[in-house]
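The sequence and the coordinates come first, and the description follows them.

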Amino acid sequence: MAIQVGSKIVGTPDLFSPFKMGKFDLSHRIVLAPLTRCRAIDEIPNEALLKYYTQRSTPGGFLITEGSLISQTASGFPHCAGIYKDEHVEEWKKVVDAVHDKGAIIFCQLWHVGRVSHNEYQPEGGAPISSTNKPVSDKWSLLKPDDSHAHCSVPRALTIPQIYEVVNDYRQAALNAMRAGFDGVEIHGAHGYLIDQFTKQAINDRTDEYGGSLENRLRFLLQVVQAVAQAVGPAHVGVRISPAIDHFDASDPDPLALGLGVVERLNNLQAELNSRLAYLHVTQPRFTAQGTLAKPAEEALADSQLLLKIRQAYDGTFVSSGGYTKELGMEDVAQGNADLVAYGRLFISNPDLVERFRSNAELNKYDRSTFYTHDPVVGYTDYPFLGQEVGSTQ
């Protein structure tokens, strides 16, 4: 295990080693991953969210919120929290203050689902927005506002002036998050949502300056990052990408070139701004919507080498997530493959995950059937802490 001597870390780091993420001093490297939980009724953060996040807060710990909607057109799931209205800001303040009282650091993930939506979520029943007019294939479905399942609606491709408007939506949402007291924001550019719909060749069929070449397909992402970084400061901005994941048809024939292309542009932007971003967050290819994907050894090795090349190329803090166990996290931190490791499903069912990892305690098993229900307690804040009976929560 590494120890801190003055400002330096001596020894081999692990999940429990301190880490300086830019201006933030973290006491350990176990991060709460952003997780859609559908508990913010009518988009409003509430007491259930306050309890959920504070349960998972530790002194010097780092939390990333669920994807928070940047505008009226951003939604594609029921009861996701917003960050585009004054009411959202005021209610998020209560959550952030409670997390800070526990000594933790919290970033708000900025989210727009793009074409992964349904007309019923859109203003006046309009078409979802995207880089394209192509709909998500019928192999994917979503939850409508009444919790029934449906296929995604046919989207409409944004015009260039409309793209500028969405960039400003991200910028304003970031400013709103800082007004709410968040320590920073994470731009969700992964998993087949709006930004990923521009970056991936399988989706982006544009013939203007936002389509075709890698340079063009990355233009929207970089404009968003630049606008947000200039608004709130680079040190308060993280970026999440998933170049090797085909969630909601978001595939690319050359994920390594895509990932390295993002890194090159982020590195250049950091140089221009004379300041590093807070971090780059990349999802492991083994992640799927249904669980961790077991791949043949040769394919898994190729995936890990792809992520390692992206990690080695990026000039800054690297966060990795997707299907991690404690052992995999310890290994990746020790080998320098990641600075921080974000946990999702294990953090859902183990609010005291950091302590359970530290003491090698048994983990609660998660119940996937309750991931996206709207109950303020069941499957949300009712998982027991160490030494508690099931149904007894802090």
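This is a predicted model: local features need pLDDT of at least 70, side-chain atom pairs count only at pLDDT 80 or more; totals for chains, interfaces and linings use all residues.

**Helix pairs**

Two packed helices are described by the angle between their axes and the distance between the axes.

| Pair | Axis distance | Axis angle |
|---|---|---|
| H1 and H2 | 9 Å | about 25° |
| H3 and H6 | within 9 Å | roughly 35° |
| H6 and H7 | within 11 Å | roughly 30° |

H1 passes H2 in a right-handed crossing. The contact is formed by Leu 49, Leu 50, Tyr 53 and Thr 54 on the H1 side, and by Trp 92, Lys 94, Val 95, Ala 98 and Val 99 on the H2 side. Sorted by class, the residues of this contact of H1 with H2 are seven nonpolar, one polar and one charged.

H3 passes H6 in a right-handed crossing. From H3, the residues Ile 163, Val 166, Val 167, Tyr 170, Arg 171, Ala 174, Leu 175 and Met 178 meet Phe 220, Gln 223, Val 224, Ala 227, Val 228, Ala 231 and Val 232 of H6. The contact of H3 with H6 comprises 13 nonpolar residues, one polar residue and one charged residue.

H6 and H7, whose axes cross at roughly 30°, are therefore roughly parallel to each other, and H6 passes H7 in a right-handed crossing. In this pair, Leu 221, Leu 222, Val 225, Gln 226, Ala 229 and Gln 230 of H6 meet Val 262, Arg 265, Leu 266, Leu 269, Glu 272 and Leu 273 of H7. The residues of the contact of H6 with H7 divide into eight that are nonpolar, two that are polar and two that are charged.

H6 is followed by Gly 233, a residue with a positive phi near 95°.

**Helix H2 and its surroundings**

For helix H2 (residues 86–101), 16 residues at 1.5 Å a residue should span 22 Å, and the end C-alpha atoms are 23 Å apart, which agrees. The buried residues of H2 are His 88, Val 89, Trp 92, Val 95, Val 96, Ala 98 and Val 99, and these pack against helix H1 (47–55), strand E6 (62–69), strand E7 (105–111) and helix H3 (160–179). H2 is followed by Gly 103, whose phi is positive and near 85°.

**Single residues**

Two aspartates have a positive phi. Asp 42, which is not a glycine, has a phi near 55°, and this residue lies in the loop between strand E5 (30–32) and H1. Asp 42 has a relative accessible area of 59% and is therefore exposed, the cut-off being over 50%. Asp 249, likewise not a glycine, has a positive phi of about 70° and lies in the loop between strand E13 (237–241) and H7.

Apart from its neighbours within four places in sequence, Asp 352 is in contact with Pro 384, Phe 385 and Leu 386.

Tyr 164 lies in helix H3 and, at 45% relative accessibility, counts as partly exposed. The C-alpha atoms of Tyr 164 and Val 224 are separated by 9.2 Å, although these residues are 60 residues apart along the chain. Leaving aside neighbours within four places in sequence, Tyr 164 is in contact with Glu 209 and Tyr 210.

Methods:
Residues are numbered from 1 along each chain as its sequence is written. Side-chain values use heavy atoms; hydrogens and water are left out. Axes are lines fitted to C-alpha atoms, for helices over the stretch in contact, and angles run from 0 to 180 degrees between N-to-C directions. Helices (H or I, at least four residues) and strands (E, at least two) are DSSP runs, numbered from the N terminus. Angles under 35 degrees count as roughly parallel, over 145 as roughly antiparallel, 65 to 115 as roughly perpendicular and the rest as oblique. A crossing is left-handed if the near helix is turned anticlockwise from the far one by less than a right angle, and right-handed if clockwise. Contact means heavy atoms within 4.5 Å. Ala, Val, Leu, Ile, Met, Phe, Trp, Tyr, Cys and Pro count as nonpolar, Asp, Glu, Lys and Arg as charged, and the others, Gly among them, as polar. The expected span of a helix is 1.5 Å times one less than its number of residues. Buried means under 20% relative accessible area, exposed over 50%, partly exposed in between (1.4 Å probe, protein chains only).
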